[in-house]
Amino acid sequence: MNSYEALALSYDELTQDVRYEARADFVEKLFARAKIPVHTVLDLACGTGTMTGILTGRGYELIGVDSSEEMLMAAREKAQALKGIPPLFLHQSMPELDLYGTVEACICCLDSLNYLTRARDVQRTFARLKYFIAPGGVLIFDVHAPQKLETLDAQVFLDERDDVYCVWRTEYRKRARTLDYYVDIFRLCDGGVWERSFEEHHQRAYTVEELTQWLKAAGFTEIRTHGDMKLRRPGEGEGRIYFSCIRK
């Protein structure tokens, strides 16, 4: 089963501790780095559209892009209750991004870029973003630090709610720098019957040096790294690293 095909149904319930409002506060602070006023925002790998909805409610015009049809279905359903300009949702992969015009800012949250397990796909994504972010606009994304992915090897994680039970098993392949997640999802259906689904998720570790080099090559400048929702540089052992940069 494709990543997020089954998990999409329970994603919001299982990510209640993500602190989306705080992350929206943080990316808004980084919007101030843009050389132009930020009005239209691309939420790349938007998932079920939680960040899309928060920023829409704060007065921005949003475009949400995701490669999962199931996640986009959930995002579109949630967006019906939003106030403000209705978001536009597009079913696209990151390396094949194709918008109708430009945006002043792009966000790509919650280690979505790590899901691109081929370096050339990350490079293609940066090249596409350079094409669709207006000159002076800002790109903001976060990744798992390489050491974090490596320390997740051979771990088992449990997520349990009243009507869903999720088991994550992990395996890190050092040569490929990839972390494989094997996910068993149990959902309580009508009649008290539990339904089991299985998905595989794959992430690859990228270093700050690699990402910085590829951003420069794509046409981004003033590249900075930040700690997790911190304006300072990432500290030693920081698990999540934010990037912000300006489109030339």
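Colleague: Hi! How many aromatic pairs does a search of the whole structure find?
Modeller: The search finds 8 aromatic pairs (Phe, Tyr or Trp rings, Trp by its six-membered ring, with centres within 6.5 Å). This is a predicted model, so local features need pLDDT of at least 70 and side-chain atom pairs 80 or more, while totals for chains, interfaces and linings use all residues. Residues are numbered from 1 along each chain as its sequence is written, and side-chain values use heavy atoms, without hydrogens and water.

Colleague: Show me one. How do phenylalanine 31 and tyrosine 60 sit together, in distance and angle?
Modeller: Their ring centres are 5.4 Å apart and the planes make 75 degrees, so the pair is edge-to-face (over 60 degrees; under 30 is stacked, the rest tilted).

Colleague: And where in the chain do the two lie?
Modeller: Phenylalanine 31 is in helix 2 (residues 20-31), and tyrosine 60 is in the loop between helix 3 (50-57) and strand 2 (61-66). The pair therefore ties together parts that are 29 residues apart in sequence. Helices (H or I, at least four residues) and strands (E, at least two) are DSSP runs, numbered from the N terminus.

Colleague: What about tyrosine 131 and phenylalanine 132?
Modeller: They also form an edge-to-face pair, with 4.9 Å between centres and 90 degrees between planes. Tyrosine 131 is exposed, at 56% relative accessible area, whereas phenylalanine 132 is buried, at 5%.

Colleague: Which residues form an aromatic cluster?
Modeller: Phe126, Phe141 and Phe243 form one.

Colleague: New topic: in what order do the strands of the open sheet come?
Modeller: The 4 strands come in the order 6-7-8-9, with antiparallel pairing (two strands pair if DSSP finds at least two bridges between them).

Colleague: Which strands stand at the edges?
Modeller: Strand 6 (156-160) and strand 9 do. Each has a single partner strand, so one side of each is left without a neighbour in the sheet.

Colleague: How many bridges join strand 6 to strand 7?
Modeller: There are 5, and strand 7 covers residues 164-173. As an example, valine 156 has arginine 169 in strand 7 as its bridge partner.

Colleague: And strands 8 and 9, how many bridges there?
Modeller: Strand 8 (residues 178-188) and strand 9 (residues 194-204) pair over 11 bridges, in the antiparallel sense. Aspartate 180, for instance, is partnered by histidine 202 in strand 9.

How values were computed. Buried < 20%, exposed > 50% of the residue type's maximum accessible area, 1.4 Å probe, protein only.
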